[in-house]
Amino acid sequence: MLAERLSRIRGYLLDMDGTLYIGDRAVPGAVELMRALQGRPHLVLTNNSSASRRRYRDRLTALGMPVRLDDVLTSGEASAQWLFDNTPLRRPYVLGTRALSDACRRAGLTPATADDADSVLLGYDTTLRYARWSDACLLVAAGLPYYATHADRTCISPRGLLPDAGAIIAGIEVTTGRSPVVLGKPEAAMVEAGLRRLGTSAEETLILGDQLDTDMQLGLRSGVLAVLTMTGEAARRAPEMPEIKPDLSVSGPAELLALLRDAGALPRA
Ligand SMILES: [Mg+2]
């Protein structure tokens, strides 16, 4: 049953942090998996909307995993594309980094001032300033359509957990009582943008990730095969979320590669 499903996989969504690398080291087997996927539809994903595609491309390349700029899908890219495709909104007030504003422009949106905005788009704003946070609160309180690239509460760092987009969202919620429509993993926008770029159906696609509440939830909600890797966050947090059951669990990218080869989805080395 599972082997049959695996045999039909043609498209690959791969979480990066905790799945392909941890800190500045490649996860064992990740380089081999990425090399096996060269020339096949695949995207590397991150919910982090603070950094640019280029930074992820450079980081993976330095670890021996060559990817093209177009193979990188951030929640910022996916959100901007989704807003353009699914709403008439074109002038978001962007509470985010320059990378998010750039992603909006690439998708056909024009980042606007508080006076001219038709919506609010919130990302992981590592350049957060009080004046802009306040403006966003006023616009949200005034009733503008309000979106967020993702709602992760914390960002893991060598110094400990840091406030992520969810913490910025919480401040706006305390102030205005409103919470945003979230567009990144595990929400539909990320899958829709990903599948459109891959050109595959959900049925023919798998997602490999280490987080149950984002990566696996995305797969289970959308019909994309949800493959949990026990490399990053997962092993520690799996018991907290017994209701989220991945389609398949693997010890790491090497085991997935072996299964895909056994099923005939990928040629043998
Ligand atoms: Mg991850």
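A pocket, for these notes, is an open set of grid points with protein on both sides within 12 Å along at least five of seven lines. I am working from a predicted model.

**Entry 1: the largest pocket**

I began with the open spaces, and the largest pocket holds about 1,400 Å³ of space. It has 44 lining residues, and those closest to its centre are Asp152, Thr154, Cys155, Asp164 and Gln211. I then looked up which elements give two or more residues to this lining, and found β2 (21-22), α3 (53-62), β9 (154-157), β10 (160-163), α7 (165-176), α9 and α10 (234-237). Strand β9 gives the most, with four residues.

What classes of residue make up the lining of the largest pocket? I noted 15 nonpolar, 14 polar and 15 charged residues.

Next I looked at how the chain is divided.

**Entry 3**

I found 14 residues in its lining, with Val94, Gly96, Ser101, Arg129 and Arg132 nearest its centre. The largest share, three residues, comes from β6. By class, I wrote down five nonpolar, five polar and four charged residues.

Then I turned from pockets to cavities. Rolling a probe the size of a water molecule over the atoms shows where empty space is left. How many cavities of 30 Å³ or more are there? The count comes to one, and the largest cavity holds about 30 Å³ of space.

Its lining is made of Ala78, Gln81, Trp82, Asp85, Asn86, Ala189, Glu192, Ala193 and Arg196. The elements that give two or more residues to it are α4 (75-86) and α8 (188-198). Helix α4 gives the most, with five residues. I sorted the lining of this cavity into four nonpolar, two polar and three charged residues.

**Entry 2: Ala80 in α4**

While I was at α4, I picked out Ala80, which lies in that helix. Is Ala80 buried or exposed? Its relative accessible area is 0%, so Ala80 counts as buried. Setting aside neighbours within four places in sequence, I found Ala80 in contact with Ala103, Cys104, Ala107 and Leu109. I also checked a distance: the C-alpha atoms of Ala80 and Pro163 are separated by 22 Å, and the two residues are 83 apart along the chain.

**Entry 3: the magnesium ion**

Which residues coordinate the magnesium ion? I found Asp15 (OD), Asp17 (O) and Asp210 (OD), at 2.2 Å. Along the sequence, these donor residues are spaced D-x1-D-x192-D. Asp15 and Asp210 link distant parts of the chain, 195 residues apart. Asp15 sits in strand β1 (residues 11-15), while Asp210 is in the loop between β12 (205-209) and α9 (212-222).

I wanted to know why both are called buried. The cut-off is under 20% relative accessible area. Asp15 has 6% relative accessibility, so Asp15 counts as buried. Asp210 has a relative accessible area of 2%, and therefore Asp210 is buried too.

**Entry 4: α9 and what follows**

Just after α9 comes Gly223, which takes a positive phi of about 90 degrees. Most residues other than glycine have a negative phi, and most peptide bonds are trans.

**Entry 5: a cis bond**

Where is there a cis peptide bond? I found one joining Lys185 and Pro186, with omega of about 5 degrees. Pro186 is in the loop between β11 (181-182) and α8.

Key:
Residues numbered from 1 in each chain as written. Predicted model: local features only at pLDDT ≥ 70, side-chain atom pairs only at ≥ 80, totals over all residues. Heavy atoms only, no water. Donors = N, O, S within 2.8 Å, 3.2 Å for Na, K, Ca; no water. Buried < 20%, exposed > 50% of the residue type's maximum accessible area, 1.4 Å probe, protein only. 1 Å grid on protein atoms, 1.4 Å probe; cavity = no way out; pocket = protein on both sides within 12 Å on 5 of 7 lines; lining within 4 Å. Points joined across faces, edges and corners; volume = space filled by probe spheres on them. Nonpolar A, V, L, I, M, F, W, Y, C, P; charged D, E, K, R; others polar. Contact = heavy atoms within 4.5 Å.
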